[in-house]
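Me: Please take a close look at one part of this model, the packing of a helix pair, and then turn to the aromatic rings.

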Amino acid sequence: MSQGPPGAGHPNELPDHAPRVRSALAELRRRAEAEPAQRWPQPLSDAFLVRFLRARDFHMDLAWRLLKNYQKWRTECPEISADLKPSSVLGLLQAGYHGVLRSRDPHGSKVLIYRIGQWDPSVFTVYDVFRVSLITSELVVKEIETQRNGVKAIFDLQGWRFAHAFQISPAVAKKIAAVLTVFMHGNNYIQSLTEHFPTSILPLEYGGEEVSFEELAKEWTDFIMASADYLQSISLVAQK
């Protein structure tokens, strides 16, 4: 679906009930339903399909490719995506491994932080770690601004050990790398981070002016736990 004539308004700026958006949704659903052999990870609702249209600026062919890639990734990575109940990764979340910034970056992207040093590989597998990423992705993508502007991830590599690297094979890394725009930062993270993000949105530990990362991590953990019913509803094991 291409952009309309000047003054018509781009579909990405229109509400979900707008005729052009409804038309695009109908076409994307038609393509999906035309492949009966496909087992879609979620019902083909408007709320589900529109995220793919917005993520690809309502370019129909690109949105269709993204939807198929999402389905392929979910079904081919059952170790990560089959069961999204947050209780399976609660210990990792409570350790302060992951948090989400309260404010978006200047481009409107949601900003996620992962602290590798808080991941104990003797307790949690690499699949648990990536399940945290998928859980967060499924929650933030419900927001229209995230559908339009995507996410960015900050990986704090302080505390990285061989035990971490041993769990991440090239095949596993490839499965997750294409999902996020990633910024990796080591010891000199304050200077490098502020080159990408304003200090007003960063937590105190990262040279910012927001609350502590510990507080952000607790807020996001609470939100994930409060979303347990929704996450269970989109788990593949719930659809068998």
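Reply: Axes here are lines fitted to C-alpha atoms, for helices over the stretch in contact, and angles run from 0 to 180 degrees between N-to-C directions. Helices (H or I, at least four residues) and strands (E, at least two) are DSSP runs, numbered from the N terminus. The model is predicted: local features need pLDDT of at least 70, side-chain atom pairs count only at pLDDT 80 or more, and totals for chains, interfaces and linings use all residues. Residues are numbered from 1 along each chain as its sequence is written, and side-chain values use heavy atoms, with hydrogens and water left out.

Helix α6 (residues 126-140) packs against helix α11 (residues 213-226) at an angle of about 75°, the axes being 11 Å apart. The two are therefore roughly perpendicular (65 to 115 degrees). Ile135, Thr136, Leu139 and Val140 of α6 make the contact with Trp220, Phe223 and Ile224 of α11 (heavy atoms within 4.5 Å).

As for the aromatic rings, the structure holds eight aromatic pairs (ring centres within 6.5 Å, with the six-membered ring used for Trp). The rings of Tyr114 and Phe155 have centres 4.8 Å apart and planes at 15°, so this pair is stacked (planes under 30 degrees apart). Tyr114 belongs to strand β2 (residues 110-115) and Phe155 to strand β3 (residues 151-156), so the pair ties together parts 41 residues apart in sequence. Tyr114 is buried, at 0% relative accessible area (buried means under 20%, with a 1.4 Å probe and protein chains only). Phe155 also counts as buried, at 13% relative accessibility. Phe48, Phe52 and Tyr70 form one aromatic cluster.

Note on methods. Angles under 35 degrees count as roughly parallel, over 145 as roughly antiparallel, 65 to 115 as roughly perpendicular and the rest as oblique. Rings of Phe, Tyr and Trp (its six-membered ring) pair if their centres lie within 6.5 Å; planes under 30 degrees apart count as stacked, over 60 as edge-to-face and the rest as tilted. Buried means under 20% relative accessible area, exposed over 50%, partly exposed in between (1.4 Å probe, protein chains only).
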